[in-house]
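Subject: Structure handover

Hello,

Here is the structure I promised to pass on. Please open it first, then read the notes below.

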Amino acid sequence: MTRSPEVAEGDTPGEMTLFEHLAELRTRLFRALLALAVGTVVGYMVFPWVLQVLVDPYCQALAVLRPEDSCNLIALRPLEPFSVRMKTAVVIGLFIGGPVIFYQLWRFITPGLTRTERRYALPFVVLSQVMFALGIGFAYLVIPQGLRILLGIAGPDVETLLSANEYLSFFLTTSVAFGLVFELPLVLVFLSLVGVVKSHLLRAWRPYAAVLILIAAAFITPTTDAVTLLLMAGPMLLFYEFSILAARLIERARRRREAA
């Protein structure tokens with residue numbers, strides 16, 4: 001049973017009842033959803049400008065395959081423009097409200113952590129947002145190449161007209177997947193910080209992790225070509241190695257504190 005937030009900030013540990021856990025979870029969820037709602041409203045307002053950025057990878061791919069064609073997207077149903085705008089607004093809201101959402105998640109966990117571990121809240125919240133943004137930026141570089149392969153795989157006689165819903169669903173899903181993958185080192189470092197995962201276990205799991213990373217990269221990447229696969233798997237493998245190094249440093253610092 002984790003300690004109550006009020007007592008956890010002091011020197012004497014306490015216990016939370018089941019109802020206190022549920023009340024705490026309700027409060028954290030409400031604040032996270034409120035941040036998401038505010039971010040979604042902002043995303044809805046800035047959608048026209050964001051759409052130009054989102055469509056640019058499609059325009060880049062089409063400029064190589066069929067330079068004479070327009071890269072405008074089409075709507076196949078009357079409600080499609082609204083659903084596309086709302087879907088994009090929610091993803092923008094997730095990004096804007098990310099710091100608050102990550103912080104609420106961390107504060108829900110921290111009552112069960114030590115005072116030293118709770119000090120990492122702000123760095124983890126900031127790094128979570130940075131890594132998520134890096135993942136989306138990396139996806140923005142990979143998607144144009146993936147689109148060139150997908151749109152040109154059937155040859156020049158097949159002209160592909162993408163609807164706004166199909167394209168933006170593809171783009172947003174891929175981008176969010178990349179963003180979540182880039183959170184991998186933070187998750188492993190956090191598990192090392194609380195003592196769930198040890199560095200020697202991460203080293204022992206390295207071969208299995210490499211296989212799982214390649215399989216995950218194959219599912220996440222928009223195409224099946226080796227270049228795009230390696231572009232996705234490469235950072236994930238580097239992140240795993242970084243997590244091993246971070247776990248070793250955390251364990252070394254913990255041993256020094258215990259010895260002192």
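The notes below cover helix packing, a surface patch and salt bridges.

This is a predicted model: local features need pLDDT of at least 70, side-chain atom pairs count only at pLDDT 80 or more, and totals for chains, interfaces and linings use all residues. Residues are numbered from 1 along each chain as its sequence is written, and side-chain values use heavy atoms, with hydrogens and water left out.

**Helix packing**

Helices (H or I, at least four residues) are DSSP runs, numbered from the N terminus. Axes are lines fitted to C-alpha atoms over the stretch in contact, with angles from 0 to 180 degrees between N-to-C directions.

Take helix α3 (residues 80-96) and helix α7 (residues 164-181). Their axes lie 10 Å apart, at an angle of about 10°. That makes α3 roughly parallel to α7 (angles under 35 degrees count as such). Residues of α3 that meet α7 include Glu80, Lys87 and Val91. Contact means heavy atoms within 4.5 Å. By class, this contact has six nonpolar, four polar and two charged residues.

Helix α4 (residues 98-109) also packs on α3: the axes come within 4 Å and cross at roughly 60°. Gly93, Leu94, Phe95 and Ile96 in α3 meet Gly98, Pro99 and Ile101 in α4. This contact has five nonpolar, two polar and no charged residues. Gly counts as polar here.

**Surface patch**

Phe19, Leu22, Leu25, Leu29, Leu33 and Phe108 make a nonpolar surface patch of about 600 Å². Patch residues have over 30% relative accessible area (Shrake-Rupley, 1.4 Å probe) and no salt bridge, with nonpolar side chains joined within 5 Å. Helix α2 (residues 18-65) gives the most, with five residues.

**Salt bridges**

The whole structure has three salt bridges (a Lys or Arg side-chain nitrogen within 4 Å of an Asp or Glu carboxyl oxygen). Arg28 and Glu24 form one, at 2.8 Å, N to O. They are four residues apart in α2, so about one helical turn separates them.

Best wishes

Notes:
Helix = DSSP H or I, 4+ residues; strand = E, 2+ residues; numbered from the N terminus. Patch = residues over 30% accessible without salt bridge, like charges linked within 9 Å, V, L, I, M, F, W, Y side chains within 5 Å. Parallel < 35°, antiparallel > 145°, perpendicular 65-115°, else oblique.
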